[in-house]
Structures are given as C-alpha cells and as structure tokens.
Amino acid sequence: MNKLTIITPDDWHLHLRDTPYMEAVVNHTARQFARAIIMPNLSPPVRTCAEAMAYRQRILAALAALPAQSAFTPLMTLYLTDNTQVEEIREASQSEYIHGAKLYPAGATTNSEAGVTELAKLDRVFEAMQEHGLVLQVHGEATAPTVDVFDREKVFIEESLSKIRKDFPQLKIVFEHITTREAIDFVRACDANLAATITPHHLLINRNAIFEGGIRPHHYCLPIAKREQHRQSLLEAATSGESQFFAGTDSAPHSRSSKESGCGCAGIYSAFSALEFYAEAFDQVGDFTHFETFLSRNGASFYGLPLNQGSITLKRSECIIPDSLPYPDSSLIPFRAGQTLHWKTADND
Ligand code: DOR
Ligand code: ZN
C-alpha cells in the first residue's frame, strides 16, 4: 500500500489555545482535518455557551487570516465545573455549534483547577445531558495523590466511569485519549452510547520513550504513556474498525520553555503531522482496511454529524519533521521533531 485516499477526517479532541498562540497552530489542523472538537481548558475556561460562541468567533477570525482559505469547522464544547447550571446544558444542546461538555476532574491536567471536585455534584447536569442528547467528553483519570500516575485511568474506570455509565445509561460518553487495555475492555463491554478517542502518540510511544537516555519532556502528556502491552492493545483497537473507537489527537501545544522546565507542562504537539502519525501507526500493524473508518467515519457517526465531502491523499514518501516551529515568545517542538516520517499528505509537499 503506497497511496491512501480517504474522506477528509475529523479530529475529535484538539487543543488550539487562544490568540496569539492559536494563530501559530490552527492551520496545521485545518489543512488535514475538516472539523475538530475544540477543548475548552483555556484560562479562564470556556464554561458557558456565550464564552464558547466568543471563542468560536476568535477561531474563525484566525482561520480567516490564513493565507489560503480554509473550510475548517470548529466544534465547541463546554467545560464543566461544580457550578454548571442545567439551564446552560439545555442551551448548549440547542446550539448547532456546541457538541458536548467536558469533564475534567479538578487537578487532573493542564488548566483543570476549575474542574469538577466531586462527581455527585454533576448528577443534575448529567441527567440534563442525557435528556437532551449532549455528549459528555471525559478526561478519565483519578486525581487522588495516593494513586500511582500509571494507574490513574484504571482507577478512574473502577471508581467513577463505571458509576456514571450505570447511573446514566442513555448518556452519550466519549472516554477521551484512552491509554490502557483496561479502558479498551471497558469500552467494548459498554453499548454504542460510549466511545473512545485514541491519540497518535499513544499509538506510537510507550512509557520508555519518556526516559530514553534521559528525561524527555516532549514525550510527557496526560494520561501518561503506558507499557508496550497497552500500546499494542491500542493499535489493535484503532485498526479494528469497531465503531466505538475513533481519532482524537489531543494535540496540545506548549511553548518549548514551558516544556523544558523544572516542572514541565503535560502535552504533546502532534498536529503538524497528525494524519501521517496515524498512518505510521496503521503501517505498524500492516493493515489499512479501517483507516478511513477510524479517521473519518466512526466519530461523525457517534456525534450524529454527516461525513465530510472532500478527500485527502497520503503517499508513502519520506519527509523530515522540523526541529521546531514558530510560536509566540518561544518555539514549539513538534512530536518526533527531526525524525523521519514515511507518509506524506499532498499538503506537506
Ligand atoms: O497532556 C495533556 N495536555 N493532557 C491533557 O489532558 C491536557 C493537555 C493540555 O491542555 O495541555
Ligand atoms: Zn486534551
């Protein structure tokens, strides 16, 4: 297989940040994907429909300023807090621009301080989301400091996600950026109301990559990469074609200076070559049968959105990922900086 043409894909989990940082990254996603769910963990977070609409306008303005016109559509989501009102959920579910609400357990990751401290506080919100068909996107990690960082996803499933699933069986849930065999088993045991996104980096690195010859801050993200056996399970799930698994890059830009620091930020910037990374992952398995299903079909169908109209072609061809990209006040180090890719989209010629 040397050439792949698929329906233009979507990124079901993306961090764009805000002006002036967003301007440095938005085109990387827009040139490969038709739509993306835009994460709301800004500072301050995007908590209301009014804030989501204002953020959407800033994204559209950044897109309009690009040299080439882009048809990229940002899909907005709200950041849930202990104080999210049922009325806000009702309004969000009626908006054609808002496609979910995101649960960040407080303290779980970047800009999650305003997140949810106790699940029970969201009972009425989950009930309203279930009633109105608004998708719940979940950062699935337990936050108790006593929980080992490599066990956080597993413990979250046992202590929290199972309970949400049981209490709100009709609630549509996306278990974001899954990293473990346990998560895959959980997804498969649930019905079609629960799906999961899988990132390119969790398909391509295991936890050894964080410590290869020294500490590698550009391989640090949350959930943290796990053992090789988990990566193999993720590859198997992503390439299986099963409708509950789809692409979500979790591309998360942080400046070089905030990554290479005494307390470096979590996040891997994959957007520059996202589609190529997914192609590399499928190539490892040697089976592209479900490449389009994973990238362009399953997510749209879960979110109840039409398939995209266009297509994109990847060719087997070597190209080197830049060492660094421009970013305000610093630079941005892309995932696998300086390394060779074996796939190339037409756009990257
Ligand atoms: O590594 C991560 N970075 N994981 C997240 O959940 C958030 C993201 C970010 O916003 O930087
Ligand atoms: Zn994320």
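How far does a polar side-chain atom of Thr 110 lie from an oxygen atom of ligand 1? I got 3.1 Å, a polar contact (a pair of N or O atoms within 3.5 Å). For Arg 17, a polar side-chain atom sits 2.8 Å from an oxygen atom of ligand 1. Ala 266 uses its backbone: an N or O atom lies 3.0 Å from a nitrogen atom of ligand 1. I then checked the cover: ligand 1 taken alone exposes 290 Å², and the protein buries 99% of that. I took the areas by the Shrake-Rupley method with a 1.4 Å probe.

The model is predicted, so I kept its thresholds in mind: local features need pLDDT of at least 70, side-chain atom pairs count only at pLDDT 80 or more, and totals for chains, interfaces and linings use all residues. Residues are numbered from 1 along each chain as its sequence is written, chains are lettered from A and ligands numbered from 1 in the order written, and side-chain values use heavy atoms, leaving out hydrogens and water.

Next I looked up the zinc ion (ligand 2). Its protein donors (N, O and S atoms within 2.8 Å of the metal) are His 13 (NE2), His 15 (NE2) and Asp 250 (OD), 2.0 to 2.1 Å away. Their spacing in sequence is H-x1-H-x234-D. Water is not among the atoms, so the site may look incomplete.

Key:
Donors are N, O and S atoms within 2.8 Å of the metal (3.2 Å for Na, K and Ca); water is not among the atoms, so sites may look incomplete. A polar contact is a pair of N or O atoms within 3.5 Å; within protein, one must be able to donate a hydrogen and the other to accept it, and residues adjacent in sequence count only if both atoms are side-chain atoms.
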